[in-house]
Amino acid sequence: MNFNFANERPADADAIIFAIANDGLNDFDLGLEQSSTVKASAKAARFGGTPGEVFETFVTEAGEILRVVLTGVGKGKATDAETAGGSAIAKILASGAKHAVIAPSDLGETSLARLLFGAKLRSWRHDKYRTTMPEKQKVTLATITVLDQDIASAKAWQDLSAVADGVALTRELVAEPANTIYPESFVARCEELKDLGVEFTVLGWDEMEKLGMGALLGVSQGSERPPRLLAMRWDGTDGAQKTPLALVGKGVTFDTGGISLKPGAGMEGMKWDMGGAGAVAGTMKALAGRKAKAHVVGVCGLVENMPDGKAQRPGDVVKSMNGQTIEVINTDAEGRLVLCDAMHWTQEIFKPEVMIDLATLTGAMIIALGNEHAGCFSNDDGLAQGLIDAGKDSGDPVWRLPVGPAYDKLINSPIADMKNVGPRGAGSITAAQFLKRFVKDGVKWAHLDIAGMVWADKPNPVWEKGATGYGVRLLNQYVADHFEV
């Protein structure tokens, strides 16, 4: 989608979008030849300007048919403005309209930037493999022109546009099939971040084997696709922040469950089991794209979990990089095996004071919180609250759940230091408790179980069905709140 900025409506514009506040239609100057008719029609349709509410009609303007869209911004909150922008674009994205203008409004710079942000988020679609799509389903909208040239260079819009680019990268990584995105190609797809100033470190099987990453490699050994550990560093502080914030993402590019094979129905969805790593990559793009004045490292443990003759078996014991041994009870509880080695390596190399991991870790998380919140587990109250607040402000919500010594006994093994699953109860908590055993003393740590959030079966004002890009807005907001100098 092309975003342009002008002070006058382009001649080829065939749609115009007005942002209307709650109960603000009467006083709003539409500036159209048939303004009174539009307003009367909107009132008849009970349009009131509430967030997400959209009214569409057609008028004749200068002898041409013009599509008019009214979108509600409520009381003007940032999230309401995003909803308004996304809802308007969703209405006309595949409507036949080709060039929409966003009319001047009473919104301030920040709220207008948020409206454009919602529009850019909602304009993303993944149609590259669809060759027989009906004409009425094809995206026709190609250009959005904002009738406010000043907003083009405003920091509020520039920053949010970069975040939207990061969300788009995450959505692409999550949406692509596993024969397109696998550990090696995931790394290759992220290499565009080098042009933004992001430093790369990539480890292959041999390097990880020498480091003793037996847990991560145990997951990968059944696949023909070799694993990768990808570290991306962005330092926008010119060395002022010596210690980076560490983000660690689970990147299982496809998860069959291994020998503990998943049921066939729905297994195609396991292409998004790398949603945590995708969110880390998208966040790094967002931070570098907006030149965030923060020092952040993003680490992705990338593997494919397959059930061939070399695959690890239930009952195998593996040794992690930090020396702890793990009895593998269920090969489908593989994400924690990937993360524990990635987290330990991250702490050894980068010495972070704060570390956040993200993973589509447990189906139990979806049972507990559905598709409304990610689960947050943490050893630090301040970190947990910071993430909760960032979730509220960004639109990527999280909900805190407990960890603690009471859950340790559930993952103790009779033959190793621990087992990789506990009993049926508290499945998400025991997974977090497992990871907690790999957090060094003094490190503030949070685990985000995003299993219910990376993929949506129905559309939202800022995403279409499919990959949501969850996590990028959350982490970007957290960095802005707590790490930017």
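**Close-up views of the predicted model**

**View 1. The loop between β16 and α12, with Ala 426 and Pro 423.** Ala 426 has a relative accessible area of 31% and is therefore partly exposed, a class lying between buried, under 20%, and exposed, over 50%, as computed with a 1.4 Å probe on protein chains only. The model is a predicted one, in which local features need pLDDT of at least 70 and side-chain atom pairs count only at pLDDT 80 or more, while totals for chains, interfaces and linings use all residues. Residues are numbered from 1 along each chain as its sequence is written, and side-chain values use heavy atoms, with hydrogens and water left out. Ala 426 sits in the loop between β16 and α12 (427-436), where the helix and strand names refer to DSSP runs numbered from the N terminus (H or I over at least four residues for helices, E over at least two for strands). Although Ala 426 is not a glycine, its phi is positive, at about 55°. The loop between β16 and α12 also holds Pro 423, which counts as partly exposed at 43% relative accessibility. Pro 423 lies twelve residues from Ile 411 in sequence, and the C-alpha atoms of the two are 8.2 Å apart in space. In α12, nine of the ten residues are buried, so that the helix is mostly covered; among the buried residues are Ile 429, Ala 432, Phe 434 and Leu 435.

**View 2. The loop between β3 and β4, with Ala 62.** Ala 62 is placed in the loop that lies between β3 (54-61) and β4 (64-74). Its phi is near 55°, a positive value in a residue other than glycine, and, with a relative accessibility of 65%, Ala 62 counts as exposed.

**View 3. The open sheet of three strands, β11-β12-β16.** The strands follow one another in the order β11-β12-β16, and their pairing is mixed. Because β11 (317-319) and β16 (418-419) stand at the edges with a single partner strand each, one side of each is left without a neighbour in the sheet. Strands are taken to pair if DSSP finds at least two bridges between them; β11 and β12 (residues 325-327) pair in the antiparallel sense over three bridges. Within this pair, Val 317 stands opposite Glu 327 of β12.

**View 4. Strand β13 with its partners β9 and β17.** Strand β13 (residues 354-359) is mostly covered, with six of its six residues buried. From β13, Val 354, Ile 356 and Leu 358 point one way, whereas Met 355, Asp 357 and Ala 359 point the other way, and all are buried. Strand β9 (residues 245-255) pairs with β13 in the parallel sense over four bridges, and the bridge partner of Ala 246 in β13 is Met 355. Strand β17 (residues 444-449) runs parallel to β13 and is joined to it by six bridges. Val 354 stands opposite Lys 444 in β17, while the bridge partner of Asp 357 in β17 is His 447.

**View 5. Strand β17 and its antiparallel partner β14.** Five of the six residues of β17 are buried, and this strand too is mostly covered. Strand β14 (residues 374-378) pairs with β17 in the antiparallel sense over four bridges, with Ser 378 standing opposite Ala 446 of β17.

**View 6. The crossing of helices α11 and α13.** The axes of α11 (residues 381-394) and α13 (residues 472-482) come within 8 Å and cross at roughly 120°, the axes being lines fitted to C-alpha atoms over the stretch in contact and the angles running from 0 to 180 degrees between N-to-C directions. The crossing is right-handed, meaning that the near helix is turned clockwise from the far one by less than a right angle. On the α11 side, the contact (heavy atoms within 4.5 Å) includes Leu 383, Leu 387 and Ala 390, and on the α13 side it includes Arg 473, Tyr 478 and His 482. The residues of this contact divide into five nonpolar, five polar and three charged, where Ala, Val, Leu, Ile, Met, Phe, Trp, Tyr, Cys and Pro count as nonpolar, Asp, Glu, Lys and Arg as charged, and the others, Gly among them, as polar.

**View 7. The crossing of helices α8 and α13.** The axes of α8 (residues 275-289) and α13 come within 9 Å and cross at roughly 50°, which makes α8 oblique to α13. This crossing is right-handed. Ala 279, Gly 282, Thr 283, Ala 286 and Leu 287 of α8 meet Val 472, Leu 475, Asn 476 and Val 479 of α13, and the residues of the contact divide into six nonpolar, three polar and no charged.

Methods
Parallel < 35°, antiparallel > 145°, perpendicular 65-115°, else oblique.
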